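Please read it alongside the sequence and the coordinates.

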Amino acid sequence: MPKITGYKTNDVRFPTSLTGDGTDAMNTECDYSSAYVTLQTDTDLSGYGMTFTIGRGNDIVCAAIHQVADRLVGKDTEELFHDMGKTWDFMMADPQLRWIGPEKGVIHIASGAVNNALWDMYARSRKKPLWKLVADFTPEEIVRSAAFRYISDAITKEEALELLKSKEAGKKEREAKVRELGYPAYVTSAGWLGYTDEKVAHLTKEALQSGFNHFKMKVGASLSNDLRRGTLIRSIIDDPQFQPANLPPRDPNGEDLKGKNAGKTGCVLMIDANQVWDVNQAIEYVKGLESIRPWFIEEPTAPDDILGHASVRRALKPHGIGVATGEHAHNRMVFKQLLQAEAIDVVQIDSCRLAGVSEVLSVLLMAAKFGVPVCPHAGGVGLCEYVIHLSLIDYIAISGTMERNVLEYVDHLHEHFKTPCTINSRGRYNVPNGADEGYSIEMYQSSIDEYEWPNGSYWVGRRQQEEAEKKGLGLRGH
Ligand SMILES: [Mg+2]
């Protein structure tokens, strides 16, 4: 049986700040980065994982990954796989590392990278993509794999088991359906703050032609600017002339669009403030955007402010605008409270801010119990590759529904992955199907060699170029 013999990390940074990709009201210069880990065994079996950052500090996460991964060295993989919930507890239980969390911040996202790598290895060892490994589990196995500590006041293991058993009957049909149709998606990349109106209009039209009908726009830097851009996007998505000719018209009053403020073409707009406001400011600002009819405001305020989100939701309800959050919710307890406080309409888990698949499973179970749809956060680098697996697990085995869900999609940086996610002509994610792709997160060695910080060929070349420019401008010695 394979034993874990070691690990290595790579600090990989992509220079996305040069193009304005990923810009929002809070994050203005993002170099999308991956704190990447490879778990090695004494056989050919490896596991790949990562967590996402936006540049500086990625080296700190890599250092934390070393600390966490070290706990797995010498362990028998089959023993770890046999009870992934117990394994997760073990990974989180180092008393000295726990002090620098607990279960939050750098140490937690590092734990996410390592837990994901272990799940990737598990799926590869069974010759299944990750989603299929978990979707084929018995209800008992899913419950055993989840992180249950501290959430039994919201969902007990017995309740989770009952919920999963009630979904057993339809699993095969759902799997067949999503393989045929794909999983619903939405685009964010049309609405970054750093883009000109021309670029926004062009990208929105392009996304419509690709089959998308949910669009997200970044807001929060200037109300008049947001209103202008929102009105521009609505004018395009609501206009029948820009709808794709190859797809049947959508019913704006259909079940899948109820409560989403869809326009007459069945298109939906969402807005995302990336935490810029205080609670009352959020309420006033978003009321000012009522005319662009968003389905929800995402991250209106500080991600830890559960009662603040509840206040925003209560205040915006009469205006028909919902609240979504979760990409910075750092553990299952935050989601538990957001659900218990009725603070959100949409759960936006992040695949590697939560500490890996085991903790994600516990949030999927809670969301299913509370009846709140899960629309995972993605984009960045690697997140889209990860989250399609999580949404498939949610649909096939846990919530049993995908009709109202939408999974974030951004068309950036997929080319660095060996098994990149893909979108079909209906604007939906295809189902990953490789027997050896695990959690789909293995990067090309050539991409690592090029973009590793600080000595990858790209970064060396860029420093040389900057030096040359300085000299050319006569700045030397001044
Ligand atoms: Mg967001």
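Axes are lines fitted to C-alpha atoms, for helices over the stretch in contact, and angles run from 0 to 180 degrees between N-to-C directions. Helices (H or I, at least four residues) and strands (E, at least two) are DSSP runs, numbered from the N terminus. This is a predicted model, in which local features need pLDDT of at least 70 and side-chain atom pairs count only at pLDDT 80 or more, while totals for chains, interfaces and linings use all residues. Residues are numbered from 1 along each chain as its sequence is written.

**Helix contact**

Helix H8 (residues 157–166) and helix H15 (residues 357–370) have axes that come within 10 Å and cross at roughly 75°. H8 and H15 are therefore roughly perpendicular to each other, a class that covers angles of 65 to 115 degrees, with those under 35 roughly parallel, those over 145 roughly antiparallel and the rest oblique. On the H8 side the contact is made by Glu159, Ala160 and Leu163, and on the H15 side by Leu365, Ala368 and Lys369, where contact requires C-beta atoms, placed from the backbone, to lie within 7 Å. These residues divide into 4 nonpolar, no polar and 2 charged, with Ala, Val, Leu, Ile, Met, Phe, Trp, Tyr, Cys and Pro counted as nonpolar, Asp, Glu, Lys and Arg as charged, and the others, Gly among them, as polar.

**Chain as a whole**

The protein chain has 18 helices and 11 strands, and its C-alpha trace spans about 70 × 60 × 45 Å along the principal axes. Of its 478 residues, 51% are buried, where buried means that 20 or more other C-beta atoms lie within 10 Å of a residue's own, exposed that 12 or fewer do, and partly exposed that the count is in between, with C-beta atoms placed from the backbone. Among contacts between residues at least 6 apart in sequence, 75% join residues at least 24 apart.

**Strands**

An open sheet is formed by 3 strands in the order E1-E2-E3, with antiparallel pairing; two strands pair if DSSP finds at least two bridges between them. Strand E1 (4–13) and strand E3 (46–53) stand at the edges with a single partner strand each, so one side of each is left without a neighbour in the sheet. Neighbouring strands of this sheet are turned by 15° against each other on average, direction ignored. E1 is joined to strand E2 (residues 33–41) by 9 bridges, and the bridge partner of Val12 in E2 is Ser34.

Elsewhere, strand E7 (residues 296–298) runs parallel to E8 and is joined to it by 3 bridges, with Ile297 opposite Val323 in E8.

**Loop residues**

| Peptide bond | Omega |
|---|---|
| Gly101 to Pro102 | about -15° |
| Trp453 to Pro454 | near 0° |

Pro102 lies in the loop between helix H4 (95–99) and helix H5 (105–125), and Pro454 in the loop between helix H17 (445–451) and helix H18 (457–472).

Asn274, although not a glycine, has a positive phi of about 50°, and with 20 C-beta neighbours inside 10 Å Asn274 counts as buried. Leu413, also not a glycine, has a positive phi of about 65° and counts as buried with 23 C-beta neighbours inside 10 Å.

How values were computed
Two residues are in contact if their C-beta atoms, placed from the backbone, lie within 7 Å.
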